[in-house]
Amino acid sequence: MLGVCYYPEHWSESWWAEDAARMRALGITYVRIGEFAWSRLEPAAGRFDWDWLDRAMDVLHKAGLKIVLGTPTATPPKWLIDRHSDILPVDEKGQVRGFGSRRHYSFSAPVWLAESRRIVEEVARRYGEHPGLAGWQTDNEYGCHDTILSWGPHDLAAFKDWLRRRYQTPERLNEAWGNVFWSMELNAFDEAFLPNLAVTETNPAARLDFWRFSSDQVVAYNRMQVEILRAHSPGRFVTHNFMGLFHDFDHWDVGDDLDLATWDSYPIGFTERFPFSEEEKIRYARTAHPDMAAFHHDLYRGVGRGRWWVMEQQPGPVNWAPWNPVPQPGQIRLYTWEALAHGAEVVSYFRWRQAPFAQEQNHAGLNRPDRTLSPGGREAEQVGHELKALGDLPESHQAPVALVFDYEASWITRIQPQGQDFDYAVMTYRWYEAARRLGLDVDIVRPGAALAGYKLVLVPTLPHVSEAALAAFKAADGLVVFGPRSGSRTRSFAIPDGLPPGPLADLLDIRITQISSLRPGLTEPVTGAIAGSATRWREDVEAGAGVTVEARFADGAPALVRAGTTAYCAGWLEGEPLAQLLRWSAGKAHLPTLDLPEAIRLRRRGELTFAFNYGEAEWTVPAHVVGEPVLGMGAVPPSGVAAWRSRAA
Amino acid sequence: MLGVCYYPEHWSESWWAEDAARMRALGITYVRIGEFAWSRLEPAAGRFDWDWLDRAMDVLHKAGLKIVLGTPTATPPKWLIDRHSDILPVDEKGQVRGFGSRRHYSFSAPVWLAESRRIVEEVARRYGEHPGLAGWQTDNEYGCHDTILSWGPHDLAAFKDWLRRRYQTPERLNEAWGNVFWSMELNAFDEAFLPNLAVTETNPAARLDFWRFSSDQVVAYNRMQVEILRAHSPGRFVTHNFMGLFHDFDHWDVGDDLDLATWDSYPIGFTERFPFSEEEKIRYARTAHPDMAAFHHDLYRGVGRGRWWVMEQQPGPVNWAPWNPVPQPGQIRLYTWEALAHGAEVVSYFRWRQAPFAQEQNHAGLNRPDRTLSPGGREAEQVGHELKALGDLPESHQAPVALVFDYEASWITRIQPQGQDFDYAVMTYRWYEAARRLGLDVDIVRPGAALAGYKLVLVPTLPHVSEAALAAFKAADGLVVFGPRSGSRTRSFAIPDGLPPGPLADLLDIRITQISSLRPGLTEPVTGAIAGSATRWREDVEAGAGVTVEARFADGAPALVRAGTTAYCAGWLEGEPLAQLLRWSAGKAHLPTLDLPEAIRLRRRGELTFAFNYGEAEWTVPAHVVGEPVLGMGAVPPSGVAAWRSRAA
Amino acid sequence: MLGVCYYPEHWSESWWAEDAARMRALGITYVRIGEFAWSRLEPAAGRFDWDWLDRAMDVLHKAGLKIVLGTPTATPPKWLIDRHSDILPVDEKGQVRGFGSRRHYSFSAPVWLAESRRIVEEVARRYGEHPGLAGWQTDNEYGCHDTILSWGPHDLAAFKDWLRRRYQTPERLNEAWGNVFWSMELNAFDEAFLPNLAVTETNPAARLDFWRFSSDQVVAYNRMQVEILRAHSPGRFVTHNFMGLFHDFDHWDVGDDLDLATWDSYPIGFTERFPFSEEEKIRYARTAHPDMAAFHHDLYRGVGRGRWWVMEQQPGPVNWAPWNPVPQPGQIRLYTWEALAHGAEVVSYFRWRQAPFAQEQNHAGLNRPDRTLSPGGREAEQVGHELKALGDLPESHQAPVALVFDYEASWITRIQPQGQDFDYAVMTYRWYEAARRLGLDVDIVRPGAALAGYKLVLVPTLPHVSEAALAAFKAADGLVVFGPRSGSRTRSFAIPDGLPPGPLADLLDIRITQISSLRPGLTEPVTGAIAGSATRWREDVEAGAGVTVEARFADGAPALVRAGTTAYCAGWLEGEPLAQLLRWSAGKAHLPTLDLPEAIRLRRRGELTFAFNYGEAEWTVPAHVVGEPVLGMGAVPPSGVAAWRSRAA
């Protein structure tokens with residue numbers, strides 16, 4: 001199904017009814033509203049103005065649209081900040097981050113928590129049982145503009161409480177963090193401090209705990225909103241719109257409190273921002289990199305425990321990347337179908353009409369500012385017709401491959417990269433890409449999730465292996481392939497007794513005795529099951545008797561080892577060597593693969609198989625793969641989509 | 001005529017008379033003094049020491065020199081800052097910018113305005129009618145070291161007043177800025193805030209107004225000084241020495257209050273700083289880029305409404321660029337003649353003698369610290385002799401080409417580049433260069449200036465087209481060529497109703513429906529009147545019936561359109577495609593052109609034509625161009641100058 | 001002899017005895033302890049806990065180890081900072097640098113000086129006459145993490161006192177600094193200010209004095225510790241562990257107060273950080289650049305007036321460079337022997353065992369965290385055996401070449417680079433490298449040191465030539481070769497009367513009339529004794545009658561001049577042209593040279609000659625050089641060492 005984001009407060013009321021009618025004509029079912037409207041709902045402290053929103057919701061409802069209402073907490077108004085300036089967050093340099101845009105609050109400011117409770121209750125009470133209301137969105141894009149970690153006095157106070165609860169005594173904290181090093185020991189929790197603005201780097205264990213604390217604050221804040229909404233709005237779902245490429249808080253934890261996950265998909269802007277090579281950035285500038293949307297679809301399907309939407313779908317050029325080209329014609333349709341192929345319940349475009357004013361005036365909508373469909377709007381209209389013709393889509397199945405994605409792994413490797421280019425986002429993305437280039441569907445799962453039924457489990461790295469994660473790996477059915485640094489840290493950010501991979505040694509009898517980070521230009525040649533070179537990172541492995549060495553570095557040391565269904569790769573791989581690792585893994589896991597062209601991706605939804613072409617050359621679906629045509633012909637044009645029903649199914 | 005900048009307070013009084021005599025011998029008429037001497041004129045609050053300056057002015061006057069006296073407000077002394085530290089400006093990060101160099105004041109600090117009035121009056125009263133006094137310079141280089149925008153409490157207070165005057169009610173401000181977006185609405189002007197230090201980007205309309213306000217503060221500050229000087233110093237001119245490459249305030253507005261404009265010409269340092277390619281920076285490192293000085297000459301001729309000087313002419317290597325090579329021998333003479341060719345009344349060198357101490361000790365003078373002429377000094381001496389031989393130079397005429405230069409255009413595109421490399425300074429420079437490479441003289445004019453008599457009007461971009469600008473375009477005689485983004489914003493930084501180019505649609509029936517900013521590596525091929533590729537920027541144009549498409553993008557969309565004498569180019573052009581646009585434009589405008597080598601430039605002053613050679617190869621003036629030799633021979637050597645009288649004239 | 005750094009407080013007391021025994025077995029004589037242990041020695045204000053250290057020292061002593069005890073002032077504990085937060089330093093941007101790592105103190109905070117005195121006295125009194133105690137280390141790595149210059153109120157107060165003492169009257173300060181320029185004059189010392197946070201650059205003379213002051217504060221602080229230690233600990237040496245590549249304070253001055261110098265040698269990390277070309281960084285990533293350790297050995301031999309150690313020797317990969325590869329096998333042994341060849345009394349590894357917690361957990365030790373020798377530990381063990389077999393090493397002799405190294409030269413050229421890439425560290429390093437590539441031993445000496453006995457004295461640059469330095473040059477026996485900018489500044493950071501090279505004109509009748517800094521891509525071809533090009537910097541020289549021009553720039557101006565035994569090079573040279581300058585110099589100085597491959601270095605210690613191979617190819621010692629084998633064979637393998645006894649000796 002399709003949806004759209006709409007801002008009745010931005011337009012003349014006289015346009016609302018026509019807008020709603022045109023939405024329906026386009027095939028749109030859901031409309032999200034309200035998430036930035038605090039200053040219109042409560043223009044001054046305690047003075048509410050509901051009338052306009054009452055009317056807007058009635059217009060939309062009467063047109064047959066289902067409403068998703070956002071709580072307006074992402075934009076506290078000026079009068080509130082003027083009364084309580086300690087709501088404002090503080091950046092890592094100690095500078096207060098002021099009013100003037102959005103997300104100007106600290107998750108730890110007591111007055112902000114009270115004000116959030118107040119406004120969410122007011123909105124929930126007013127609209128919780130509105131007949132047009134389908135569900136709620138809490139806040140907007142937690143973490144956008146680097147707003148998870150705040151470094152002010154309220155944050156410190158809350159962190160002290162968190163530490164007190166976690167460690168009980170300062171001695172246990174000192175012991176856990178290794179504070180004896182450099183005389184950093186604390187005599188009381190009141191001596192605790194934020195790990196910023198020191199002379200040189202602060203204790204990584206302290207930094208990890210501060211990140212965990214900050215993530216927990218987001219979880220608690222969101223849960224507070226969810227509980228209020230559920231209390232006042234029975235039968236409606238509650239979701240949050242996550243973003244792409246944000247790793248600053250644990251999305252799995254926030255997802256636990258939601259009915260479904262949604263995310264905001266801007267594949268072209270994300271491609272410009274991601275650390276791709278210049279050559280890739282140019283090649284995919286107008287289409288987005290072929291895995292950019294898909295990776296997040298698979299991630300948020302996991303976060304939503306199977307239920308997820310795209311809440312904001314890029315509808316044309318945007319305004320916020322370093323460069324913002326018009327997408328290649330066909331791409332808006334492609335993105336929409338791709339989300340559906342990955343199991344989205346709804347794809348909702350941002351936004352109905354381009355705003356001619358304020359910060360996002362260069363962000364396209366389905367409509368131009370002059371109330372005419374934009375090219376993206378016309379592609380959405382086409383999908384609307386195609387969806388109508390196709391009827392209900394089948395259910396998604398579990399994929400054959402699981403990729404374990406861990407937010408703590410991101411924090412740990414950012415706190416302590418050891419090599420400047422050890423980037424968890426890149427690493428997980430490249431492993432995912434390599435699997436998808438083999439035509440494989442992938443589920444992205446959290447550490448500790450049950451791994452039953454997966455033929456292949458990819459763990460690009462998992463520095464801290466919790467007991468739950470270890471248990472899940474032990475119980476896995478398929479081949480589990482770990483990348484370097486897995487098991488290299490305890491919960492307290494220490495090297496495990498007995499060396500890395502710590503608890504994973506239960507599965508695979510190896511020890512990592514030395515690590516090398518490799519500047520660009522340094523390579524570590526590998527031969528055996530993988531032929532090529534590691535870059536960025538290499539480990540020295542001591543392997544026990546039961547371990548098979550599948551590939552070796554030039555000095556003879558193991559590069560890839562295996563014992564039964566557990567494998568460990570001791571170097572950073574990318575490009576062709578990484579493709580070989582994935583091919584080797586799929587082979588060991590008895591997974592049939594395809595060698596897709598680099599710009600082609602496949603995805604199954606039930607008995608349907610979809611193909612997406614991010615390249616410049618037409619692609620003909622191989623005869624042994626293709627089935628009964630459902631969408632498009634046998635040949636998939638550039639920026640085109642095809643779908644077919646499996647013959648066997 | 002020639003001039004020089006002199007600091008009697010830097011040298012032993014015993015040297016003054018000899019210095020003055022040597023100036024006269026060199027052919028120097030004007031001497032500028034006093035602009036940094038506050039701590040010597042008023043060593044402590046209210047205690048003045050005029051004697052030394054009395055004597056210095058008498059010495060200079062008796063030697064036959066005409067004096068330009070600077071008001072000393074660019075360097076408030078330490079005792080004043082210690083008494084009133086709120087004079088200090090605040091940077092965009094909120095950090096106070098302290099004492100220790102110069103320009104350490106906010107244009108909005110009330111005590112600073114009072115102190116400025118006081119010292120200017122004191123100086124004006126003392127020397128206003130000195131017989132040696134020819135004119136005044138207000139302050140020194142407004143905007144140098146990024147000092148236009150200040151972000152402190154006084155600035156905010158003055159900005160609130162400015163907003164109150166402009167908008168009358170908060171509702172009108174909210175409406176104009178689109179503050180409903182992200183709940184940024186204000187209930188009162190006292191809630192207004194500076195558009196810095198927010199979580200993410202602030203409202204572009206607010207930022208534009210803050211820039212306008214800041215520019216207005218400079219204008220008001222300068223006018224205050226001008227009025228005092230005029231009151232106490234009848235018959236003397238008042239000027240200000242502008243800088244190169246500064247766009248932070250509206251120089252046209254400041255120029256309105258002056259008798260003549262002057263500017264400080266450091267072509268080599270500016271070349272090092274300008275975003276040229278590395279290859280260009282190397283090629284022109286010792287000569288400066290051939291349009292660097294000329295562009296500013298033509299700009300400040302406009303700002304001075306025809307009357308202008310070079311107040312500070314680079315005399316050799318300087319100290320402030322990332323690298324500071326000795327200019328190629330001949331360049332100081334070339335710069336001087338070039339300024340004269342563009343219509344300068346006076347070329348005044350900075351400075352008489354290199355100071356062996358303090359911040360600028362590596363800045364050359366006409367004399368070395370050991371009181372010997374430097375190489376630059378010897379070149380100045382040569383010009384002095386040549387000028388004497390030549391007698392009075394003829395008047396400058398209006399050029400056939402006008403280029404519209406707009407400071408707001410710079411602010412708008414910096415506030416909202418949309419593509420990281422959309423740089424107004426580069427764009428206007430490259431259009432100017434392309435015209436000058438065709439041998440054309442160019443006047444740089446402000447938007448709204450009368451365009452009568454110009455055969456060709458170039459508007460590289462003009463996002464906000466005021467009513468006055470529109471009227472001038474409508475009344476233009478010649479072909480008017482607009483670049484992309486022209487007419488794309490209202491006065492309130494919004495997309496115009498009916499889409500861009502907004503009011504320009506009166507002249508040319510087009511609509512811009514989509515914009516693409518293009519990362520390096522992306523190109524948009526063009527064919528037709530222009531063959532090549534657009535880079536950086538491309539627009540989608542819908543053209544009405546009466547519009548001729550002169551060139552098209554590869555997808556068939558218009559790249560260059562024309563209706564009558566109005567043309568619009570929908571892409572960023574540079575290099576050969578831009579040269580083609582200019583050749584096409586000159587052709588349509590019936591302007592004869594030359595294809596000059598890239599390092600050669602011509603310029604007419606009355607019946608004289610000058611040629612300047614910034615390259616390494618000798619250049620022979622084409623036979624059909626050359627006239628009766630006035631300066632140099634037929635062949636212009638590297639770093640050389642030639643001039644001839646038109647045979648026809 | 002060998003040593004090691006040990007942290008008993010990091011490990012279970014039950015491990016101490018075994019650790020000590022294993023140290024002895026490895027051939028280790030010295031053990032450094034205690035320098036970060038304040039929070040364990042004084043867990044709360046005035047409450048001391050000596051017992052653990054008493055026991056640790058006894059265990060080590062009983063095992064036969066000699067103890068070096070560090071004063072713990074590099075890590076003031078949290079309780080102290082909480083009581084006296086004004087101890088904290090302030091960065092140049094005005095931000096307080098907080099607790100959480102180390103070196104969080106200002107050398108000018110009165111309470112810090114008192115607290116330092118107190119803790120040093122306590123420790124000195126407790127352990128000053130411990131039978132196991134061999135010596136003391138003051139603090140740890142002055143200057144690490146950019147901690148010499150602090151910009152807070154205490155620093156300003158102390159700077160005012162320093163200025164008062166130096167200048168007596170504000171008039172003399174104004175005169176010395178040239179404060180008349182830009183009205184910077186002060187009426188009283190209380191008006192003095194720190195040279196940061198101004199609108200643009202501050203007076204270079206002020207900045208130089210602030211740097212001198214800051215260096216003097218370090219010297220005074222260290223002297224205070226030394227005096228306390230000497231008073232309470234007769235017969236023990238006092239040293240400090242300097243770092244590599246730190247130039248922010250005058251190490252010569254600190255060295256004057258020490259019995260011997262030590263330094264912390266991390267050749268691979270320093271190679272990654274030094275501005276080598278990318279190509280060199282890759283080539284030497286796993287070995288370190290061949291002069292990185294040696295340069296510092298020769299420097300600190302000078303600072304220690306002949307007596308020096310490596311206090312911390314890199315034992316494997318570290319944690320703090322942008323990338324941290326495992327050293328090539330053999331390098332730890334090579335580094336150790338190289339230090340000994342350059343005259344080190346002791347090479348002490350950092351650290352005994354890798355810490356599995358806190359900031360340096362990825363820093364290797366001689367032992368892995370699991371109490372097993374690391375590869376570096378095994379190489380140290382090998383050196384231990386080799387040393388035992390070899391017996392006492394002979395004394396070092398004076399080298400034939402002296403290189404004058406001046407910390408003020410570093411400050412002056414950083415304050416006023418004039419060309420962005422004029423880097424004193426690079427310049428001195430490259431001159432040193434060029435000499436060493438010719439097989440020459442080099443002593444690094446301070447300006448003013450006696451130069452008797454040196455056949456060749458290299459002065460890459462010495463902007464300020466003091467009277468002492470001038471006298472030493474006049475008294476030199478050998479050829480003295482000056483690089484550009486020598487003699488270009490007075491003590492007050494002014495251009496000398498009569499132009500540069502100021503006082504050096506006594507030795508060589510030249511004047512520098514103009515300077516050019518050259519951006520990358522600009523070159524100044526040279527012919528004559530040197531053939532090639534200068535880059536980065538070129539000067540125009542006027543030479544008197546008695547001066548021989550040995551090489552010329554393309555315009556005929558002198559590039560290399562000489563009068564008797566004084567030569568001056570007027571351009572920045574590197575690579576082959578610099579090699580030619582050194583060859584020419586050695587020729588004039590009658591010094592025999594070798595042309596070593598770029599990765600090979602030789603060094604004599606008494607009658608022993610050592611060879612070190614930093615490359616990938618085996619090197620065969622030339623027959624005319626080699627002597628009786630002492631270590632290794634005739635051919636030196638990659639990462640290998642050889643030594644032989646001179647046949648003649």
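A salt bridge here is a side-chain nitrogen of Lys or Arg within 4 Å of a carboxyl oxygen of Asp or Glu. The model you are looking at is a predicted one.

Start with one pair. R519(B) and E272(A) meet through their side chains, with N to O at 2.6 Å. That falls within the 4 Å limit, so the pair counts as a salt bridge. One partner sits on chain B, the other on chain A.

Now the arrangement of the chains. Chain A superposes on chain C by a rotation of 120°, with 0.0 Å of shift along the axis. The RMSD is 0.0 Å. That is how a three-fold axis relates two copies. Which residue of chain A comes closest to the rotation axis? Q95(A) does, with its C-alpha at 6.0 Å.

Next, the interface of chain A and chain B. On the chain A side, 56 residues are in contact; on the chain B side, 46. Interface size is often quoted as the accessible area lost when the parts come together. Here the two chains bury about 4,500 Å² between them. Carbon and sulfur atoms carry 52% of that. Three residues stand out: W323(A), Q359(A) and N362(A). They supply 17% of the area that chain A buries against chain B, more than any other three residues.

What about polar pairing? The rule finds six salt bridges across this interface. It also finds 32 residue pairs in polar contact there, both residues at pLDDT 80 or more.

R368(A) pairs with E542(B), closest N and O atoms 3.0 Å apart. R368(A) is in the loop between β9 (347-349) and α14 (375-390) of chain A. E542(B) is in strand β16 (residues 532-543) of chain B. Are the two partners buried or exposed? R368(A) has 6% relative accessibility, so it counts as buried. E542(B) is partly exposed, because its relative accessible area is 33%.

Salt bridges link R286(A), E524(B), R538(B), D540(B) and D555(B).

Now inside chain B. D139(B) forms a salt bridge with R103(B), closest N and O atoms 2.6 Å apart. D139(B) lies in the loop between β4 (133-137) and α6 (153-167) of chain B, and R103(B) in the loop between α4 (78-83) and α5 (110-127), so the pair ties together parts that are 36 residues apart in sequence. D139(B) is buried, at 0% relative accessible area. R103(B) is buried too, at 2%.

E433(B) and R430(B) meet in a salt bridge, 3.0 Å from N to O. How many residues apart are they? Three, about one turn of helix α16 (residues 424-436) of chain B, where both lie. E433(B) is buried, with 13% relative accessible area. R430(B) is buried, with 12%.

And the total? Over all chains, the search of the whole structure finds 161 salt bridges.

Key:
Residues are numbered from 1 along each chain as its sequence is written. Chains are lettered from A and ligands numbered from 1 in the order in which they are written. This is a predicted model: local features need pLDDT of at least 70, side-chain atom pairs count only at pLDDT 80 or more; totals for chains, interfaces and linings use all residues. Side-chain values use heavy atoms; hydrogens and water are left out. Copies are superposed by least squares on the C-alpha atoms of residues with pLDDT of at least 70 in both. Contact means heavy atoms within 4.5 Å. Buried area is the accessible area (1.4 Å probe) that two parts lose on being put together, summed over both. A polar contact is a pair of N or O atoms within 3.5 Å; within protein, one must be able to donate a hydrogen and the other to accept it, and residues adjacent in sequence count only if both atoms are side-chain atoms. Helices (H or I, at least four residues) and strands (E, at least two) are DSSP runs, numbered from the N terminus. Buried means under 20% relative accessible area, exposed over 50%, partly exposed in between (1.4 Å probe, protein chains only).
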